[in-house]
Amino acid sequence: MELLPFGDAGILVQFEQRIDPVINDKVLTLAEVIKAHAGSGFSYTIPAFCSLTVIYDPLVLSAPQAKAILSGMIKDLDSHLNNPGRSLWVPVCYETPFALDLDDLERWLDLSFGEIIRLHLTATYRVYMIGFLPGFTYMGTLHPALRCRRKANPRLKVPAQSVGLAGQQTGIYPVESPGGWQIIGRTPLLLFKPQQAQPFLFRPGDQVRFYSISGSEFEQIEKEDQAGIFKLEGYD
Amino acid sequence: MFVKPGLQTLVQDGGRFGFSAFGVPTSGPMDRTSAQIANWLVGNPSNAACLEITMTGPKILVTGECQIALAGADLSATLDGQSIPMYQTIHVKTGSQVGFGRLVKGCRVYLAVRGNFLIPSVLKSKSAMPFAGENTTPESVAKKASHISIQVSDPIEPRRLTLTDSEPLGRVTTRYLKGPEWQQLSSPSQAFFSNETFYLSRQCNRMGYRMLPEIPGYEKSEELISSGIIPGTVQLTNAGQPVILMADAQTTGGYPRIANIIRADLDALGQLKPGDKINFAHTSIKAARDAWIDHHRWVQDHLKT
């Protein structure tokens, strides 16, 4: 683990560079510890897979001071590691209008349509990081048989709520955006509700399992979710 | 009402903080000091919402009496066709039109109005939100015939600020600190970055500036696991093109972070436009902090309430 200077108001806490739930727990726990020290000169943090970017106020702290406080926090970290995540069951419709890349994937992965979906449904995924777009969830880890490259020519418009695959990860687009992930389905749930007290559906550290729904169930759940009456199992 | 919206006219306040774990950019003015000055000139809090106007200004019909002020780039502002000065409080009568002309200097001008922009906050900020689109903060993006309602406060005694040349605008040498992946550059590449004069390509916006030329002979190293990026971070694309991340930058990325521009020099970057030139000068973290403290002192001395 290293503390690297990152600009004149930041420190990059670089853990072992590996996508691993225990390392990610350390990232999220340290972020919580810093948040609990409000008023100590730290402004905000950016948790990622295996690093935490820590921004401080240089009018309050010098770089050596910020580094010393952080080092102290990190020393005690292992004694109170916790995962703030919840266990969520998320509906996904894998039917044709939504599964934009299933044909290509069948060929590349040499798996049937049914097998790809079955493998996607069997694993529990951890939300390692939210980034790239407001609410975009990077989840891992995919079954090795599903690992695939990003599209050579990214789509100019990936529809909101599309579920995609890239490398060893699966992810969900919160809003319509350009993107290169291989799209296999869509969730009827809004990932980003700007006017709500908890505007984002997912948090870093959440454990996610998908279940398959039909096109008509998709419409039903979408209506309920937009009306605010859909109850996501595991959501608090 | 916006008779014409201009090239890009956005509402910006102090920015959107507290959602960096959810991939939300911090946003806020590209030239924070100029926005603060404009707000001070009309007696608003320094982080109040104001308009950020880029290169080609809007035409605005003002319904109701108010005080306004302009700071930042010189876009040849007019009131009912008559030229108006920057850096001072201006009284505007109902039915007047605020317009803009030729871009004389800089890139972005801030227009503050005494009072409070009556538009909804999204994630605790009135700043236009990138990525999530115009659907999320539609009222923060000027469009033809769109309106912004303002709750006008009682007028203040007019204020004026005299800037000397050494102050915020027009600096082209920008100071940097070595980034976490600086060591991934070969020494000729490091030298090229430090010695070459770069210019802004046409692909420049509030998210970031793609710079030219590319660093010759850059060999991309192994892929990085996505990690945090902040305004001022300089990333290098696979082709060796430096990209300076700006106010609307995404929160994470996977390209090597070769440098960070120091805070005290970010405002000047916000006033550059495609074709403008930059030299990168290395500095120390101590000098960077001193520069920021000096800047803060300047703001406190000049923008007293």
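# Reading a two-chain model

Me: Where in chain B is B:S76 found?
Reply: B:S76 is found in the loop between β5 and β6 (78–79) of chain B. Helices (H or I, at least four residues) and strands (E, at least two) are DSSP runs, numbered from the N terminus. Residues are numbered from 1 along each chain as its sequence is written, while chains are lettered from A and ligands numbered from 1 in the order in which they are written. This is a predicted model, where local features need pLDDT of at least 70 and side-chain atom pairs count only at pLDDT 80 or more, but totals for chains, interfaces and linings use all residues.

Me: What about the phi of B:S76?
Reply: B:S76 has a positive phi of about 50 degrees, although it is not a glycine. In chain B, B:M55 also has a positive phi, of about 60 degrees, and is not a glycine. B:M55 lies in the loop between β3 and β4 (59–61) of chain B.

Me: Are B:S76 and B:M55 buried, exposed or partly exposed?
Reply: Start with the rule: C-beta atoms are placed from the backbone, and a residue is buried if 20 or more other C-beta atoms lie within 10 Å of its own, exposed if 12 or fewer, and partly exposed in between. B:S76 has 15 C-beta neighbours inside 10 Å, so it counts as partly exposed. B:M55 has 17 other C-beta atoms within 10 Å and is partly exposed.

Me: What is B:A128 in contact with?
Reply: Two residues are in contact if their C-beta atoms, placed from the backbone, lie within 7 Å. Leaving aside neighbours within four places in sequence, B:A128 touches B:L10, B:V11, B:T137, B:S140 and B:V141.

Me: How do I read a helix such as α2(A)?
Reply: One check is its length: the expected span is 1.5 Å times one less than its number of residues. For the 13 residues of α2 (residues 63–75) of chain A this should be 18 Å, and the end C-alpha atoms are 18 Å apart, which agrees.

Me: Which residues of α2(A) are buried?
Reply: A:A63, A:A66 and A:L70 are buried. They cover an arc of only 65 degrees around the axis, which puts them on the same side of α2(A); the arc is that of the directions from the helix axis to the C-beta atoms. On the other side, A:P64, A:A68, A:G72 and A:K75 are exposed. The buried residues pack against β1, β2 and β4 of chain A, together with α4 (285–302) of chain B.

Me: How are the strands of a sheet put in order?
Reply: Two strands pair if DSSP finds at least two bridges between them. In chain B, five strands form an open sheet in the order β2-β3-β10-β5-β8, with antiparallel pairing. Its edge strands, β2 (8–12) and β8 (90–92), each pair on one side only. Five bridges join β2(B) to β3 (residues 50–54) of chain B; within them, the bridge partner of B:T9 is B:I53.

Me: What runs in a closed barrel in chain B?
Reply: Seven strands do, in the order β13-β20-β17-β18-β15-β14-β21, with mixed pairing. In chain B, β17 (residues 233–236) and β18 (residues 242–245) pair in the antiparallel sense over three bridges, and B:L236 has B:P242 as its bridge partner.

Me: Where are the cis peptide bonds?
Reply: One joins A:G140 and A:T141, with omega about 5 degrees. Another joins B:L212 and B:P213, with omega about 0 degrees.

Me: How many residues does each chain give to the contact?
Reply: Chain A gives 40 residues and chain B gives 33. On the side of chain A that touches chain B, β3(A) gives the most, with four residues. That side divides into 29 nonpolar, ten polar and one charged. Here Ala, Val, Leu, Ile, Met, Phe, Trp, Tyr, Cys and Pro count as nonpolar, Asp, Glu, Lys and Arg as charged, and the others, Gly among them, as polar.
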